[in-house]
Amino acid sequence: MSHSKLAGIFNKDEKKVDWHDKALWFVRHKRDLSVHQVKGWEELRNLGHGIKAHTLSHLDVYLEQFEANALKNGVQVHWAANGDEHNQIVHSILKADNAKKVVKSKSMLTEECHLNPFLEANDIEVIDTDLGERIVQLAKEKPSHIVLPAIHKNKLEVDELFQEHLGTEPCDGDPQYLTGEARKHLREKFIHADAAITGVNFAIAENGGFVVCTNEGNADMGAHLAPIHIACMGVEKIIPKQEHLGVFLRLLARSATGQPITTYSSHFRKPGKGVKMHIVIVDNGRSKQLSRPDFRASLHCIRCGACMNTCPIYRRSGGHSYDATIPGPIGSILSPGKDLTKYSTLPFASTLCGSCSDVCPVKIDIHTQLYKWRQIIGKETPQPFIKKKSMAAMGKIFSKPSLYGKVGAVARWALRTLPKSLINAWPNIWGKTRDLPVGPKKSFDQWYKERENNKKTDQK
Amino acid sequence: MKVGLFIPCYINQLYPQVGKATLELLEKLKVEVVYPSGQTCCGQPMANSGFENESEGACINFVNNFKDFDYIVTPSGSCAYHVKKHYNIIQQTDDVIKVRKNVYELCDFILNVLKIKNLGASFPYKVGVHKSCHGLRGLRLGSSSELVIEPYSYIEELLKEVEGIELMPLDRSDECCGFGGTFAVTEDVVSAKMGKDKIQDHLRNGVEVITATDVSCLMHLEGLITRNKQPLQVRHIAEILNSTI
């Protein structure tokens with residue numbers, strides 16, 4: 001289904017749209033307050049952009065350096081070309097130790113690879129331990145936001161969900177009670193886990209370490225209790241040096257939620273005693289995106305979600321309207337690279353207002369890339385007959401001034417003369433919710449010519 | 001200084017009063033203005049819809065009409081931005097490079113080229129400024145709320161000099177109105193919702209007249225205001241700066 005259709009469904013409940021919009025605008029506002037306290041914020045963004053651009057242009061070097069150092073640290077490193085390979089690698093690691101119960105902290109990569117259904121089909125229990133992700137997992141839904149996965153659900157819905165799945169008492173959506181119960185439920189899962197899977201926010205080439213950021217400490221809880229830790233990362237997560245964390249950790253949390261730093265920024269380097277540590281490095285279309293100069297910078301993304309919070313369309317259409325792993329503006333420039341036809345409406349789910357590009361902590365030119373995807377989609381995917389014909393017709397009208405004058409006169413006459421009921425009828429989609437201006441008798445062009453003629457007559 | 005006046009297609013056809021106000025204002029400021037009669041459209045509607053190639057004729061026509069002027073001035077941030085940013089699809093002749101460099105949005109031209117602030121206008125109303133996105137984040141006519149830079153706004157600098165005007169601050173200073181060209185039709189539900197919310201922001205803050213550098217945003221907002229019979233008016237900034245009520 002197209003983005004506009006799914007957005008239409010989301011908009012059937014206007015109160016919910018208002019709530020969703022306000023909740024995310026609140027996060028954007030918190031971000032504003034927080035970044036305005038940092039002297040040299042724009043310089044930090046420049047640095048973040050520069051480090052990412054440099055790293056991506058030397059990706060092979062840094063990845064191999066990272067692998068060599070990780071191996072030295074006693075970590076096992078695996079390479080996956082695509083999602084299937086990634087899933088099989090993770091499965092084979094678990095199978096080798098007969099691990100049946102897995103706790104997993106937030107990782108958009110494993111969402112992208114559809115790891116959970118794959119493991120579940122192989123009789124392995126996977127519990128998402130980020131509270132928001134656990135909520136959507138219980139609801140059998142997908143995250144609608146990369147930082148706030150359950151932002152489309154209100155507390156009453158969570159209350160009902162927990163009653164059904166965790167056996168909680170009805171509590172009128174009491175957040176304190178619900179989080180308490182979730183905590184108990186998750187503790188059980190942590191204690192009995194055979195393996196922990198985490199994502200990776202930053203992988204450091206110079207020492208083979210990696211950093212996982214959470215606010216709930218759930219990645220640490222999982223990784224410290226289970227005898228196996230599998231960290232899954234996309235190739236673009238690499239940064240050259242430890243000191244670069246000083247740039248990215250400052251950018252990430254402020255952009256994401258307005259916090260100065262994530263509650264837990266956990267550094268992993270060597271496996272603890274009796275623990276096996278694995279890193280799975282995944283391509284899954286990233287090197288292809290890297291080969292497209294116009295879209296390369298989309299790989300700078302550090303997954304803060306700020307472009308979603310600021311996007312006036314995202315806030316009013318909900319994350320699920322994008323029908324993609326990564327929703328919102330950044331998703332709309334990543335997804336077409338994976339499947340141009342399936343995601344062909346996403347680059348059009350934008351007014352090109354540019355707020356995403358200005359809010360982005362690593363200065364991805366998101367709205368410019370949206371415009372560029374539109375051009376590729378116009379050329380390479382089947383377009384509706386009416387759209388193609390009308391674009392060609394407009395192209396012709398606007399290249400011929402005399403034709404343009406005539407068409408304009410007819411349009412003005414129609415807007416001036418025809419009854420509103422007819423003007424606003426199908427197929428005028430504009431007219432469903434908006435009036436059109438009344439057509440003036442004279443265009444500016446006609447008025448100007450008359451004025452010039454009168455001037456000449458006066459001079460005579 | 002020879003200035004070519006570019007009146008965007010929809011202003012020419014649907015809002016001629018905005019074109020008149022722009023011309024009168026520039027003449028008042030003793031600028032030698034010519035309106036080349038062969039002009040049509042900057043080509044943005046096709047290009048933003050993913051059909052840049054269909055806009056080439058419009059781009060070439062635009063350059064042919066305006067290549068002999070020192071400056072091209074237009075009452076639209078969006079069209080000026082399109083010429084500057086997206087005319088890379090036609091061959092970059094000296095004429096094309098010159099036109100792209102010299103195209104100006106009206107307020108930008110008055111403030112930064114003519115270096116005039118006070119235009120002797122008066123407009124005794126409570127005005128809400130809608131900062132049209134392409135002007136704001138494309139041409140940088142002001143500081144956007146996302147950036148951590150010294151705040152500025154060319155539009156407000158000019159409006160502050162208008163006698164009797166009261167500029168009303170909004171809750172969300174520069175959120176998009178939801179017009180977005182063909183977006184207004186292809187994503188009509190979200191587009192209308194964005195417009196509705198924008199209007200509420202103005203109403204909540206006691207605005208009587210919404211103004212902007214772009215009639216496209218105002219046409220969308222006016223369409224909703226008229227349909228929903230709300231107590232608000234829209235005026236292009238040229239109409240306010242040219243007003244002596």
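**Reading the chains and their contacts**

Tutor: Begin with overall size, and bear in mind that this model is predicted. A compact globule of 245 residues would have a radius of gyration near 18 Å, and chain B has 17 Å, which agrees.

Student: What does the C-alpha trace of chain B span along its principal axes?

Tutor: The spans are about 50 × 40 × 40 Å. As for secondary structure, chain B holds 13 helices and eight strands.

Student: Which domains does the assignment give for chain A?

Tutor: Domain bounds come from an automatic or database assignment. For chain A it lists domain 1 (38–284), domain 2 (292–380) and domain 3 (396–459). Between the C-alpha centres of domain 2 and domain 3 of chain A there are 36 Å.

Student: How do I read the packing of two helices within one chain?

Tutor: Take the angle and the axis distance together. In chain A, helix α2 (residues 14–35) packs with helix α12 (residues 245–257) at about 140 degrees, and their axes are 6 Å apart. An angle has to be over 145 degrees to count as roughly antiparallel, so α2(A) and α12(A) are oblique to each other.

Student: Which residues of α2(A) and α12(A) meet?

Tutor: From α2(A) come A:V27, A:K30, A:R31, A:S34 and A:V35, while α12(A) brings A:R254, A:S255 and A:T257. Sorted by class, this contact of α2(A) with α12(A) has two nonpolar, three polar and three charged residues.

Student: Now for the two chains together. How many residues of chain A are in contact with chain B?

Tutor: The number is 56 residues of chain A, in contact with 59 residues of chain B. On the side of chain A that touches chain B, α19(A) gives the most, with six residues. That side of chain A has 27 nonpolar, 17 polar and 12 charged residues.

Student: At what angle do α19 of chain A and α4 of chain B pack?

Tutor: Helix α19 (residues 385–399) of chain A and helix α4 (residues 56–66) of chain B pack at about 15 degrees, with axes 7 Å apart. That angle makes α19(A) roughly parallel to α4(B). The crossing of α19(A) past α4(B) is left-handed.

Student: Which residues meet where α19(A) packs with α4(B)?

Tutor: A:G395, A:F398 and A:S399 in α19(A) meet B:G57, B:A58 and B:N61 in α4(B). The contact of α19(A) with α4(B) is made up of two nonpolar, four polar and no charged residues.

Methods
Residues numbered from 1 in each chain as written. Chains lettered and ligands numbered in written order. Predicted model: local features only at pLDDT ≥ 70, side-chain atom pairs only at ≥ 80, totals over all residues. Axes fitted to C-alpha atoms, helices over the stretch in contact; angles between N-to-C directions. Helix = DSSP H or I, 4+ residues; strand = E, 2+ residues; numbered from the N terminus. Parallel < 35°, antiparallel > 145°, perpendicular 65-115°, else oblique. Left-handed = near helix turned anticlockwise from the far one by under 90°. Contact = placed C-beta atoms within 7 Å. Nonpolar A, V, L, I, M, F, W, Y, C, P; charged D, E, K, R; others polar. Rg over C-alpha atoms; globule rule 2.2 N^0.38 Å.
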